[in-house]
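Start with the structure, then read the points below.

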Amino acid sequence: MHLQLDGRGPLHAQLTRALKAAVFAGRLHQGARLPATRQLAHELGVSRNTVLAAYEQLHAEGFVDGRVGSGSYVTPPLQTLRPVRALPAMLAPQSEFARRGRQYHDHARMPGRRIDGVRYSFQYGMPVTNPALTSAWARELAHAAAYTAPSYPMSQGLPALREAVCDYLARRRGVQARPEDVVIVDGTQQAVALTARVLLDPGDTAVLEEPHYAAIREVLQIHGARLQSIAVDGQGLRCDALPSEGAKLVCVTPSHQFPSGVVMSLPRRLELLDYAQRHGGWILEDDYDGEFRYDAQPLAALRSLDEHGRVIYVGTFSKVMFPSLRLGYVVVPAGLRGDFVNAKWQDDFGSPGIEQAALARFMAEGGFERHLRRTWKTLKERRTALLGGLLRCSAGRLQINDSHAGMHLVVWLRERSREEGEAFIARARSLGLGLYSIAPYYLAPPDRAGLLLGYCGLSVAEIDAAVERFAACLDEMWR
Ligand SMILES: Cc1ncc(COP(=O)(O)O)c(C=O)c1O
């Protein structure tokens, strides 16, 4: 019997697929006896065990009858034995939500998506890899797996983790919150989706800083918000440009504006809080990396000034731990808490219990603090290396926005257009250097060549080597 193996995966699975295809094509009809296992193994040049495994699988799925070893026979065709029809690769969107999803999100073109095949990549959002964290985390996970109740976790989040988050926020971010104010979520992305669901109806106005974190923009767009972006100057969001009729939601990154790095001044913070209070609007404070400040003490979060309960404070473990953890938290004003917990329950019943328990213990027992101190030191060294390297090669050609915080720098190529910036990125790529344009972080990108350089994922030696290539590209462009 002729059987064509497709070369994908284990041999027994390939043989199972080939035999099913023979049944579908009618080459093995109802009642036909499958070849003896020894004979088929010989014909195909595979082991008899491989054939036995394939026959057992066909048997388990109801394709053949009889006992393996004393002859297997093709069973009468069932409804499910029909070959799978070729279905359309893409249907028209079935809902408004799906239509907006297609309109606003294109995974292949997501800003900051990794440039493949380069030796050095200034990709934003990479974690600091740290063997000490890996082994500590493995221990915590093992402990949590052994001791955590396997029932559904509380939708709002494990009390122990909410308590640890409150301690951390009081100590490091100046935020006074009680465990009942906190909802544990699967990162900022879910926090924004829950906020949109709880606060916004399609057509409601949401304000974003310009530039801003594009993933938040897309979530709001997909939820049907009417977006308005407002420029950021040296003091943060231009509050005088906020819509006079009021916005339902204003999303800000006051501790370290993303991506420009500006810190929102105290007068602007007070102005924004007053605006929200006057218009009955809400502020989403995305405090994604306010922790890592290098030349001064971290600034207290905007939430610490909020006397009227208008701020929804969002923190994430993506930066301080690693993004694949997918854990973050929201400090919710008391009057919205029930709606947030409801929305979280609808989404997924609650974030994974074992990871939450592991993190709670890691935080309570001091491992997290030690990790933060180590990471801060590593990041500071990397930032100093990048900043020093860029300043040395600049010769007046670069404008570097040094923000004294975070995990990235914004660099502008002076007097070069956006198009020239794209050519610069393409040239760098041909030299094995991954650079990323800042343009996707704007609703209306300026016609200037700007780069967002994430330095988290490169060692100091790698940064030095990468800057050499960067300098070579600069020299070429200015020749
Ligand atoms: C501005 C900003 N907010 C939040 C996040 C983190 O998002 P998440 O917690 O969903 O990983 C990032 C990550 O890159 C970010 O740049």
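The count comes to 15 aromatic pairs in this predicted model. Two of the pairs, one aromatic cluster and two charge-over-ring contacts are set out here.

**Trp137 and Phe322**
- Trp137 and Phe322 form an edge-to-face pair. Their centres are 6.1 Å apart, with 75 degrees between the planes.
- The pair links distant parts of the chain, 185 residues apart. Trp137 sits in helix H5 (residues 131-147). Phe322 sits in the loop between strand E10 (311-316) and strand E11 (328-331).
- Trp137 has a relative accessible area of 8%, so it is buried. Phe322 is buried too, because its value of 17% is under the 20% cut-off.

**Tyr213 and Phe258**
- The ring centres of Tyr213 and Phe258 lie 5.6 Å apart. Their planes meet at 85 degrees, so this pair is edge-to-face.
- Tyr213 is in the loop between strand E5 (205-210) and helix H8 (214-222). Phe258 is in the loop between strand E8 (249-252) and helix H9 (266-279). The pair therefore ties together parts that are 45 residues apart in sequence.
- Tyr213 is partly exposed, at 30% relative accessible area. Phe258 is buried, at 2% relative accessibility.

**Aromatic cluster**
- Trp137 and Phe322 also belong to one aromatic cluster.

**Charges over rings**
- Arg310 lies over the face of Trp282, 3.9 Å from the ring centre.
- Arg448 lies over the face of Trp412, 4.1 Å from the ring centre.

Note on methods: Residues numbered from 1 in each chain as written. Predicted model: local features only at pLDDT ≥ 70, side-chain atom pairs only at ≥ 80, totals over all residues. Heavy atoms only, no water. Phe/Tyr/Trp six-rings, centres within 6.5 Å; stacked < 30°, edge-to-face > 60°. Helix = DSSP H or I, 4+ residues; strand = E, 2+ residues; numbered from the N terminus. Buried < 20%, exposed > 50% of the residue type's maximum accessible area, 1.4 Å probe, protein only. Lys NZ or Arg CZ within 6 Å of the ring centre and 35° of its normal.
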